[in-house]
Amino acid sequence: MALPKRIVKETERLMAEPVPGISAVPHEDNLRYFDVTVEGPSQSPYEGGIFKLELFLPDDYPMTPPKIRFLTKIYHPNIDKLGRICLDVLKSNWSPALQIRTILLSIQALLGAPNPDDPLANDVAQHWKENQNAAIQTAREWTQQYAKPQ
Amino acid sequence: MGAKVPRNFRLLEELEKGEKGLGAEACSYGLENGDDLLMSNWQATVLGPPHSVHENRIYSVRIHCGEAYPDVPPEITFISKINLPCVDPRTGKVEHARLPCLAQWKRDFNMETILIELRRSMALPAHKKLPQPAEGSTYS
């Protein structure tokens, strides 16, 4: 099965002009399946961490959004225990004009701006609302514990 | 042939189907541990089919999806005791060779395929009257 031109183009550009702080490498045996890393943004509780994700382009991409989740444990109100992400552009606000690159930038931005009013992980969001400083401290500790580069 | 859905995204689809209760009525399944990022260990139940010795019994099973799932079938073990030819009477383990969907596994089969076939096996004329262990007893 030939890979659609759109995916080939996106992959080539990701390789040739990588986004700073983000990498996305397709699996050799499945060119729709990418190993992704995202660096935690500076000035955020995730600073210094390198987070692993996996991304898959379904059959009807780009008519439907990529599927993506965190493989590294992370304490964040919009990311659940299985690494699933609550982000509008991955759901109702997806548009075929968006790309792998823009989605990964949105995820990096989400790390810099947690949104406890639209939670996926309810217990984390509640912690964030009740005691933001303590929640941020926990997020920092998890970053140290789970997201430090080898 | 369409895109090959990787293991983890396949398991996420199955989890969402299980969570929303969109699956077959008489079977249910979910992760043993809600924070198991690898999604390897599952627990499921099968409701015994009507007009059989299994009627109204609820069977618990454990399912282990290895790294190569769904290219290879998962391991299924009954927790509740049952007398069924495809189940090892000492351990509760389902023997792959004795359940057709496991013996002839295909990548587009899923956990629900297996649970439904187990239930169908309970209802077969040759199996539906087999004497059964006490209800609620378990393999230890």
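Trainee: How much area is buried between chain A and chain B?
Mentor: In this predicted model, about 1,500 Å² is buried between the two chains, and carbon and sulfur atoms give 65% of that.

Trainee: Which residues of chain A lose the most area to chain B?
Mentor: Arg69(A), Leu82(A) and Arg84(A), which together make up 36% of what the chain A side buries.

Trainee: And how many residues does the contact take from each chain?
Mentor: 19 from chain A and 19 from chain B.

Trainee: How many salt bridges are there between chain A and chain B?
Mentor: The count is one. The side chain of Arg84(A) meets that of Glu16(B), at 3.2 Å from N to O. Arg84(A) is also among the residues named above for lost area.

Trainee: What about polar contacts across the interface?
Mentor: Five residue pairs, with both residues at pLDDT 80 or more.

Trainee: Which strands of chain A supply residues to the side that touches chain B?
Mentor: S2 (30–39), S3 (50–56) and S4 (67–70) each supply at least two. S4(A) gives the most, with four residues.

Trainee: How do the residues on that side of chain A divide by type?
Mentor: Nine are nonpolar, eight are charged and two are polar.

Trainee: Changing topic: what does UniProt annotate on chain A?
Mentor: An unreviewed UniProt entry gives "domain: UBC core" for residues 2–148 of chain A. Over that stretch the chain is 33% helix and 18% strand. Its end C-alpha atoms are 38 Å apart.

Technical notes: Residues numbered from 1 in each chain as written. Chains lettered and ligands numbered in written order. Predicted model: local features only at pLDDT ≥ 70, side-chain atom pairs only at ≥ 80, totals over all residues. Heavy atoms only, no water. UniProt positions renumbered as here; feature names shortened; annotations may be inferred. Contact = heavy atoms within 4.5 Å. Buried area = accessible area lost by both parts, 1.4 Å probe. Salt bridge = Lys/Arg side-chain N within 4 Å of Asp/Glu carboxyl O. Polar contact = N/O pair within 3.5 Å; in protein donor to acceptor, adjacent residues only side chain to side chain. Nonpolar A, V, L, I, M, F, W, Y, C, P; charged D, E, K, R; others polar.
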